[in-house]
Amino acid sequence: MKETTVGTARILVADDDPDLRGLLCGILIDEGHKVAAASDGRRALESILNDAPDLVVLDVMMPHMDGFSVLKGMAEAGVSNVKVLMVTARSAETDWAEGFRLGADYYVTKPFDPAELTEAVITVLTSTKAELAAQRVHLLDKAEMLSQLETVFDPR
Amino acid sequence: MARILIADDDADVRQSLVIALVDRGHEVAAVLDGHKATAALMDVTPDLILLDVMMPGKDGFVVLEELNASGFRDLTRVLMLTSKGSEQNARRAFELGADAYVTKPFDPLEVVKQVEGLLALSSEELRISRERELDRSRLLSQLESILGEG
């Protein structure tokens, strides 16, 4: 394997929280990736359609256009070669399942430590879309169960 | 949007620059030492490199010399990061053909301004600004030795 010190992947970080955006970018940069950022969903989608990165680290809750809408926009535009790692809040147990249904490949929940993020990024980048899809089926089963549990315990 | 490479071994410096640059819409990558800086310059030919002078392995001056010799020099603008109060370093940077330099500690937003100013120059404007900076740095470096600082 060729030792690449830089340019392992081109990653777009989409998050409206400047602290978290900085943290994500800092971690990914030090892993040797090329990183760009967007502070809302609309800009993220623009950037993806303009110059597709290898991976988008996509926050769900963002102004103007949330992460789900970005996924829908990507699907509508026929973007299929960009991997998506969703960043979801732990309190919203089933957000990631919704993300999966809309085409996300993997997810991490906030708060996460840098090692967790790094591991998730490596998993996404080293797996094929098909491998990630197979994993998703399994995780979606789990999500279905969680979602049922949520309705039972927290009926709204 | 420009592609920018940061070469600095100081994590705090890297972090502050990364945040300021990505928030202006630039694509940023970083390396932690001089060996990797040279490799990355040839590999990704960024629009601009923020190149620290003092780095482990290979210092920023050596990286700049290697860039000069590589045939890729014209593809990348070079902004060197030097420690405060070392006019000798600034002079050496310009003599080796750096395009600009900033002294640490710096305000990341000021650096971003300088980066964008540098990227906006035509190659002719860049040549003129480099000559002017070289003259200025020679003068300052002479002053520094007269005043016995550094």
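Start with the whole structure: a search over all chains turns up 21 salt bridges, a salt bridge being a side-chain nitrogen of Lys or Arg within 4 Å of a carboxyl oxygen of Asp or Glu. Before you click, note that this is a predicted model, where local features need pLDDT of at least 70, side-chain atom pairs count only at pLDDT 80 or more, and totals for chains, interfaces and linings use all residues. Residues are numbered from 1 along each chain as its sequence is written, chains are lettered from A and ligands numbered from 1 in the order in which they are written, and side-chain values use heavy atoms, with hydrogens and water left out.

**Stop one: a pair in chain A**

Select R136(A) and D105(A), whose closest N and O atoms sit 3.2 Å apart in a salt bridge. This pair ties together distant parts of the chain, 31 residues apart: R136(A) is in helix 6 (residues 129–153), and D105(A) is in the loop between helix 4 (95–101) and strand 5 (106–110). Helices here (H or I, at least four residues) and strands (E, at least two) are DSSP runs, numbered from the N terminus. R136(A) is buried at 16% relative accessible area, and D105(A) is buried too, at 1%. Buried means under 20% relative accessible area, exposed over 50%, and partly exposed in between (1.4 Å probe, protein chains only).

**Stop two: the interface**

Now show both chains and pick out where they meet. The contact (heavy atoms within 4.5 Å) draws 16 residues from chain A and 20 residues from chain B. Together the chains bury about 1,400 Å², 56% of it on carbon and sulfur atoms; that buried area is the accessible area (1.4 Å probe) that two parts lose on being put together, summed over both.

Three salt bridges cross between chain A and chain B. For one to zoom in on, take D30(A) with R14(B), where the closest N and O atoms are 2.8 Å apart. On the chain A side, helix 1 (18–30) and strand 2 (34–38) each supply at least two of the residues that touch chain B. Helix 1 of chain A gives the largest share of that side, seven residues.

**Stop three: chain B as a whole**

The C-alpha trace spans about 40 × 35 × 30 Å along its principal axes. Of the 150 residues in chain B, 49% count as buried.

**Stop four: R73(B)**

Where does R73(B) lie? Look in the loop between helix 3 (60–70) and strand 4 (77–83) of chain B. R73(B) is buried, at 12% relative accessibility. Its side chain has a polar atom 2.5 Å from the backbone oxygen of T76(B). Leaving aside neighbours within four places in sequence, R73(B) is in contact with several residues, among them L64(B), V78(B), D99(B) and R130(B).

**Stop five: two pairs along helices**

Select R91(B) and E95(B), a salt bridge with closest N and O atoms 3.1 Å apart. Both lie in helix 4 (residues 87–95) of chain B, four residues apart, about one turn of the helix. R91(B) is partly exposed at 26%, and E95(B) is partly exposed at 39%.

Finish on E131(B) and R127(B), another salt bridge, at 2.9 Å between the closest N and O atoms. These two are four residues apart in helix 6 (residues 123–147) of chain B, about one helical turn. E131(B) is partly exposed at 45%, as is R127(B) at 36%.

Technical notes:
Polar contact = N/O pair within 3.5 Å; in protein donor to acceptor, adjacent residues only side chain to side chain.
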